[in-house]
Amino acid sequence: MHLPINHRLGGFYRFLAGLAGLYLLAFGIVGLTKTRGQDFFERSTTEALGLRTNPAFAILSIVVGAIVLLGALIGRNWDHYINFAGGVIFWLAGLIGLLVMSTEANILNFNISTAIVSFIIGTVLFLSGLYGKKGTTEEAVHEEIFRHSGRGAAAVIPTPEHTVSAHPGVAHPEE
C-alpha cells in the first residue's frame with residue numbers, strides 16, 4: 001500500500017482524530033455516570049450526548065477514546081496505525097450495529113443514531129490514518145516518485161525498497 005508521507009494536511013487530520021478521541025472519551029464518561037446501577041448489557045433508552053448507551057458501551061467508549069486520543073498526542077506513526085485500524089473497526093461496528101439493532105444480540109444498545117455516528121467517526125479516523133503517515137524527507141520523495149511515476153516519462157527509478165516503473169516493459173517518450 002502506498003500512502004503519502006508527510007502530507008501537508010497530516011496535522012489537520014491528526015487534530016480531527018484527537019477531537020474524535022475526545023468525543024468518545026466524553027461520551028463514555030457521561031454514559032457511565034448516567035448508566036450507573038444498570039445491568040452491564042442493558043437495552044434501555046438511557047442516552048449520553050444524544051446516543052443510547054449502557055455500561056458496557058460506555059466503558060468501551062472510554063477505552064477506545066483514550067487509545068485514539070493517546071495516539072493523536074504521541075504521533076510518531078502510532079496515530080497512523082491506530083487511526084487506520086480504528087476507522088475500519090468503527091465502520092464494521094456501525095454495520096454490525098445496524099444488523100443486530102432489533103435483536104437480542106444488540107449488547108451495546110445501538111440505534112440508528114449510534115450507527116451513523118460510528119460511520120462518521122470511522123471515516124474521520126480512516127482519513128486520518130491515510131494522511132497521517134510520517135517519515136524522513138527522503139522517504140517522502142521516494143514515495144511521491146513511486147506514486148506519480150505514471151505521469152510523464154516512465155523511467156525506471158531505483159529506490160531503497162523497490163524499483164519504480166509506471167508500466168514495466170513499455171517504452172515511453174521522454175518529456
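Is R14 buried, partly exposed or exposed? R14 is partly exposed, with a relative accessible area of 28%. The model described here is predicted. The protein chain has 175 residues, of which 37% count as buried, and its secondary structure consists of 5 helices and 4 strands.

**Overall layout**

- Of the contacts between residues at least 6 apart in sequence, 66% join residues at least 24 apart.

**Nonpolar cores**

- The largest nonpolar core has 7 residues, namely A17, A20, L24, V68, F90, I121 and L125.
- Helices α1 (10-34) and α4 (112-131) each supply at least two residues of this core, and α1 gives the most, with 3 residues.
- A second, separate core has 6 residues, including F27, L51, F57 and F110.
- L24, a member of the largest core, is in contact with S61, I62, V64, G65, F90 and I121 when neighbours within four places in sequence are left aside.
- Two of these partners of L24, F90 and I121, also belong to the largest core.

**Surface patch**

- A nonpolar patch on the surface is formed by L32, F40, F41, I59, V63, I67 and I107.
- Together the patch residues have about 580 Å² of accessible area.
- Helix α2 (residues 55-74) provides the largest share of the patch, 3 residues.
- F40, another patch member, is placed in the loop between α1 and β1 (47-48).
- F40 counts as partly exposed because its relative accessibility is 42%, which lies between the limits of 20% for buried and 50% for exposed.

**T114 and its surroundings**

- T114 is placed in helix α4 and is buried, with a relative accessible area of 3%.
- The side chain of T114 makes a polar contact of 2.7 Å with the side chain of N111.
- Leaving aside neighbours within four places in sequence, T114 is in contact with L51, R52 and F57.
- L51 and F57, among these contacts of T114, are also among the residues of the second core.

**Salt bridges**

- The whole structure holds 2 salt bridges.
- One of them joins the side chains of D79 and R14, at 3.8 Å from N to O.
- D79 lies in helix α3 (residues 78-100) and R14 in helix α1, so this pair ties together parts that are 65 residues apart in sequence.
- Within this pair, D79 counts as buried at 4% relative accessibility, whereas R14 is partly exposed at 28%.
- The side chains of R43 and E104 also meet in a salt bridge, at 3.7 Å from N to O.
- R43 lies in the loop between α1 and β1 and E104 in the loop between α3 and α4, so this pair ties together parts that are 61 residues apart in sequence.
- R43 counts as partly exposed at 37% relative accessibility, while E104 is exposed, with a relative accessible area of 71%.

Note on methods: Residues numbered from 1 in each chain as written. Predicted model: local features only at pLDDT ≥ 70, side-chain atom pairs only at ≥ 80, totals over all residues. Heavy atoms only, no water. Buried < 20%, exposed > 50% of the residue type's maximum accessible area, 1.4 Å probe, protein only. Contact = heavy atoms within 4.5 Å. Core = buried A, V, L, I, M, F, W, Y, C linked by side-chain atoms within 4.5 Å. Patch = residues over 30% accessible without salt bridge, like charges linked within 9 Å, V, L, I, M, F, W, Y side chains within 5 Å. Areas by Shrake-Rupley, 256 points an atom, 1.4 Å probe, with all protein chains shown as cover. Salt bridge = Lys/Arg side-chain N within 4 Å of Asp/Glu carboxyl O. Polar contact = N/O pair within 3.5 Å; in protein donor to acceptor, adjacent residues only side chain to side chain.
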